[in-house]
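Visitor: Hi, I have this one open on my screen and would like a quick tour. Could you walk me through it?

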Amino acid sequence: MIARTRMDYAVSGELFIRRFLLALIVLIFPMLSLAQDGSNTAQHEVTWSGDVAAIFQEKCQDCHRPNSIAPMSLLTYDEVKNFAPVIKYRVENRVMPPWHVNPNVGIQNFTNDRGLTEEERQTIIAWADQGAPEGDASRAPAPREFNDALIWRLEEQMGGTPDLVVESEAYDLAPVTQDKWFRPSSPTGLTEAKWVKAIEIRPKTPESRTVVHHSLAFLVQQEDGTAGLPDDVDIPFGPSLFMEWAVGKAGQIFRPDTGKLMLPGSQIQWEIHLHASGTRVPETQVELAVWFHDEPPEHRTILSMFDAQGPNSLDIPPGEIAVTQGTFVLPAPARLENFQPHMHMRGKAMSMEAIYPNGNREVLSFVDNFQWNWQINYVFDENVAPLVPKGTMIVTTAWHDNTEDNPYNPDPN
Ligand code: HEC
């Protein structure tokens with residue numbers, strides 16, 4: 001149970017084949033525009049003030065600033081200049097910013113994309129190669145302003161305060177310690193069934209924000225798994241992932257006429273990944289806000305985990321790269337909303353492929369540069385999230401690198 005992926009899909013009995021064909025056209029389109037051209041960056045001197053600062057503001061500073069999760073601040077030229085070689089290395093290898101999906105294979109439009117465009121990537125590399133010059137400081141963009149106030153960010157769009165707030169227990173995190181995965185559980189307090197329209201998670205205090213790397217909330221509840229679904233659909237349910245929080249991602253508003261079902265007596269089971277910051281945080285805590293639909297929506301959103309391995313357990317021989325594969329046949333027409341590979345230290349890559357009932361197959365997503373300390377959820381933009389018919393086989397393939405070339409491998413033997 002190590003290699004698997006999490007995927008949201010909205011199930012409905014009423015998807016028409018016509019919509020399925022339209023989705024296929026949309027899916028194929030992004031694959032036609034493969035490599036972009038970043039060569040224009042070599043023509044002029046690339047400087048921090050003129051070119052690079054704006055990219056860092058947009059793609060790095062949510063994390064690389066005081067009171068956030070990254071180890072160093074990258075706000076000003078003075079802070080950045082000495083890191084130029086290591087920045088180049090991380091950017092060139094597509095490790096930073098943390099966005100590890102292959103830019104040329106499968107779906108490319110995401111709602112939470114924090115990757116660099118090829119042009120931005122080439123600009124940063126060219127700048128580092130040219131000695132990381134500052135350039136004319138008067139041309140630098142105004143510093144970005146950050147709003148760290150404790151507000152619910154979805155409140156404005158949702159037109160009011162949340163209907164329900166659930167908080168985790170507090171954890172006393174030592175200044176220096178190994179990473180912790182804290183798993184408390186909190187009752188939701190619901191006394192009747194509710195359909196969820198939007199969810200947001202946040203660290204509860206500014207101090208918590210500096211140590212909460214990411215946080216998952218699972219919804220644990222008793223049900224037969226069929227509420228709101230067509231009669232012939234039977235999907236295995238365990239505790240299902242309700243929402244997750246990571247820096248730069250506040251929450252999610254479900255698509256129109258779509259929602260998650262919460263039942264009376266349900267619990268939130270947290271999984272909070274903590275990374276010590278050098279300062280003790282005695283009350284590390286996260287909290288979750290929920291907005292409800294007034295009426296039950298037409299479609300139900302389900303988040304499932306699919307094993308990327310066969311019925312036998314994962315077998316990774318010493319010194320080798322192992323490939324494993326799992327399959328799942330969708331019991332109803334569905335829209336695939338996201339792809340979130342999950343592996344541990346030897347994880348190298350994972351792909352998600354669809355084999356349609358007519359025999360056609362296509363790679364939907366391919367995370368070829370997996371980094372085990374970044375469990376990223378790649379959420380498809382609604383215009384490209386594929387609609388797939390009943391009977392589509394989802395094939396997930398995982399690659400584990402157990403050779404000594406894998407820098408994260410504690411023991412290739
Ligand atoms: C989502 C948060 C996030 C974003 C966005 C992000 N980083 Fe990072 N960065 C981190 C964290 C956390 C670490 C330390 C853990 C790790 O290396 O994975 C890190 C590590 C690094 C390191 C290695 C530092 C060292 O001492 O070895 C470099 C260089 C870096 N980031 C550069 C960048 C650049 C450049 C960008 C933007 C183009 C960026 N990062 C965007 C969170 C982020």
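**A walk around the model**

Guide: Happy to. Pro 97 sits in the loop between α4 and α5. Keep in mind that this is a predicted model.

Visitor: Okay, what kind of peptide bond joins Met 96 and Pro 97?

Guide: A cis one, with omega at about -10°. Most peptide bonds are trans.

Visitor: And which protein atoms are the donors of the iron atom of the ligand?

Guide: They are NE2 of His 64 and SD of Met 96, at 2.0 to 2.3 Å from the iron atom.

Visitor: What's the geometry of the iron site?

Guide: Octahedral: the iron atom of the ligand has 6 donor atoms, and the angles among them run from 86 to 180°.

Visitor: Where in the chain do His 64 and Met 96 lie?

Guide: His 64 is in the loop between α2 and α3 (77–80), and Met 96 is in the loop between α4 and α5 (118–129). Because of that, the pair ties together parts that are 32 residues apart in sequence.

Visitor: Is His 64 buried or exposed?

Guide: Buried. Its relative accessible area is 10%, and buried means under 20%, so His 64 qualifies.

Visitor: Which residues come nearest to the ligand?

Guide: Among the 19 residues around the ligand, the nearest are Cys 60, Cys 63, His 64, Arg 90 and Met 96.

Visitor: How many of the shell residues are nonpolar, polar or charged?

Guide: The shell has 13 nonpolar residues, 3 polar ones and 3 charged ones.

Visitor: Which helix gives the most to that shell?

Guide: That's α4, with 3 residues. Both α2 (48–59) and α4 (84–92) supply at least two.

Visitor: What about polar side-chain atoms, how far is Arg 90 from an oxygen atom of the ligand?

Guide: A polar side-chain atom of Arg 90 is 2.9 Å from a ligand oxygen. For Trp 374, an N or O atom in the side chain is 2.9 Å from an oxygen atom of the ligand.

Visitor: Changing topic: which residues touch the most other members in the largest nonpolar core?

Guide: Leu 336, Leu 364, Tyr 378 and Phe 380 do, in a core of 29 residues. Two or more residues come from each of β16 (334–336), β18 (347–355), β19 (361–367) and β22 (393–401). Of the elements, β18 gives the most to this core, with 3 residues.

Visitor: What lies apart from that core?

Guide: Another core, of 27 residues, which includes Ile 199, Trp 245, Phe 254 and Phe 292.

Visitor: I've got my eye on Glu 120. Buried or exposed?

Guide: Glu 120 counts as buried, at 15% relative accessibility. The residue lies in helix α5. Glu 120 and Phe 56 are 64 residues apart in sequence, and their C-alpha atoms are 9.7 Å apart in space.

Visitor: Last topic, backbone angles. What is phi of Asn 67?

Guide: Near 65°, a positive value in a residue other than glycine. Most residues other than glycine have a negative phi. Asn 67 lies in the loop between α2 and α3, and is partly exposed, with a relative accessible area of 48%.

Visitor: And where does Asp 257 lie?

Guide: In the loop between β9 (251–253) and β10 (258–262). Asp 257 has a positive phi of about 65° and is partly exposed, at 43% relative accessible area.

Conventions:
Residues numbered from 1 in each chain as written. Predicted model: local features only at pLDDT ≥ 70, side-chain atom pairs only at ≥ 80, totals over all residues. Heavy atoms only, no water. Near = heavy atom within 4 Å. Polar contact = N/O pair within 3.5 Å; in protein donor to acceptor, adjacent residues only side chain to side chain. Helix = DSSP H or I, 4+ residues; strand = E, 2+ residues; numbered from the N terminus. Nonpolar A, V, L, I, M, F, W, Y, C, P; charged D, E, K, R; others polar. Core = buried A, V, L, I, M, F, W, Y, C linked by side-chain atoms within 4.5 Å. Buried < 20%, exposed > 50% of the residue type's maximum accessible area, 1.4 Å probe, protein only. Donors = N, O, S within 2.8 Å, 3.2 Å for Na, K, Ca; no water. Tetrahedral: all angles 85-135°; square planar, octahedral: opposite > 155°, others 65-115°.
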